[in-house]
Amino acid sequence: MRRFARAAHGITAFAGSGRAVIVIVTAIAFWSAWGVLGDFSRAWELTATAGAPILTLLMLVVLQHSENRESAATRLKLNELLLALEEPDPEVVTVEEKDDEEVHRLSEAYRDEARQR
């Protein structure tokens, strides 16, 4: 799992860079040239119709993994700040474990409290 996390981090760092744009533009240029030289063969067509969805799905999985990791890290940091308070509300510290209705109820309660101050 650690290898996947490192690979996912590297892929997302690369995918968000200018080098990725250059690689994609170069790949499209080669793919287009292959189509022209190969008289737009069936193999040329299949590389786009089969390859693009596979690459899209792979990137979706990698980016979602990275997003989940970043979200968990942010929650941990916020929990650390909450626990540093004199009287942290345990309902808020564990809010990610609650269902949507409970989160909404807590949100409304804190909005009401903020309005009263």
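**Exercise 1. Is tryptophan 31 buried, partly exposed or exposed, going by its relative accessibility?**

Before we start: you're working with a predicted model, in which local features need pLDDT of at least 70 and side-chain atom pairs count only at pLDDT 80 or more, while totals for chains, interfaces and linings use all residues. Residues are numbered from 1 along each chain as its sequence is written, and side-chain values use heavy atoms, with hydrogens and water left out.

*Solution.* 
Step 1: get the cut-offs. Buried means under 20% relative accessible area, exposed means over 50%, and partly exposed is in between (1.4 Å probe, protein chains only).
Step 2: apply them. Tryptophan 31 has 26% relative accessibility, so call it partly exposed.
Step 3: Tryptophan 44 is buried at 15%, and phenylalanine 40, at 46%, is partly exposed.

**Exercise 2. Work out how the rings of Trp31, Phe40 and Trp44 are linked.**

*Solution.* 
Step 1: know the rule. Rings of Phe, Tyr and Trp (its six-membered ring) pair if their centres lie within 6.5 Å; planes under 30 degrees apart are stacked, over 60 edge-to-face, and the rest tilted.
Step 2: count. You'll find two aromatic pairs in the structure.
Step 3: take tryptophan 31 with tryptophan 44. Their centres are 4.2 Å apart with 10° between the planes, which makes a stacked pair. This pair links distant parts of the chain, since tryptophan 31 sits in helix 2 (residues 18-37) and tryptophan 44 in helix 3 (residues 42-83), 13 residues apart.
Step 4: take phenylalanine 40 with tryptophan 44. Here the centres are 4.9 Å apart and the planes stand at 75°, so this one is edge-to-face.
Step 5: The ring pairs join Trp31, Phe40 and Trp44 into a cluster.

**Exercise 3. Describe the lining of the largest pocket.**

*Solution.* 
Step 1: say what a pocket is. On a 1 Å grid over the protein atoms alone, it's an open set of points where a 1.4 Å probe fits, with protein on both sides within 12 Å along at least five of seven lines; lining residues have an atom within 4 Å of a point.
Step 2: give the volume, meaning the space filled by probe spheres set on the points, which are joined across faces, edges and corners. For the largest pocket that's about 480 Å³.
Step 3: look at the lining. There are 17 residues, with Val23, Ile24, Ala27, Leu55 and Met59 nearest the centre.
Step 4: trace the helices (DSSP runs of H or I, at least four residues, numbered from the N terminus).
Step 5: sort by class. Ala, Val, Leu, Ile, Met, Phe, Trp, Tyr, Cys and Pro are nonpolar, Asp, Glu, Lys and Arg are charged, and the others, Gly among them, are polar. The lining comes out as 15 nonpolar, two polar and no charged.

**Exercise 4. How many helices and strands does the chain have?**

*Solution.* 
The chain has five helices and zero strands.

Technical notes: Helices (H or I, at least four residues) and strands (E, at least two) are DSSP runs, numbered from the N terminus.
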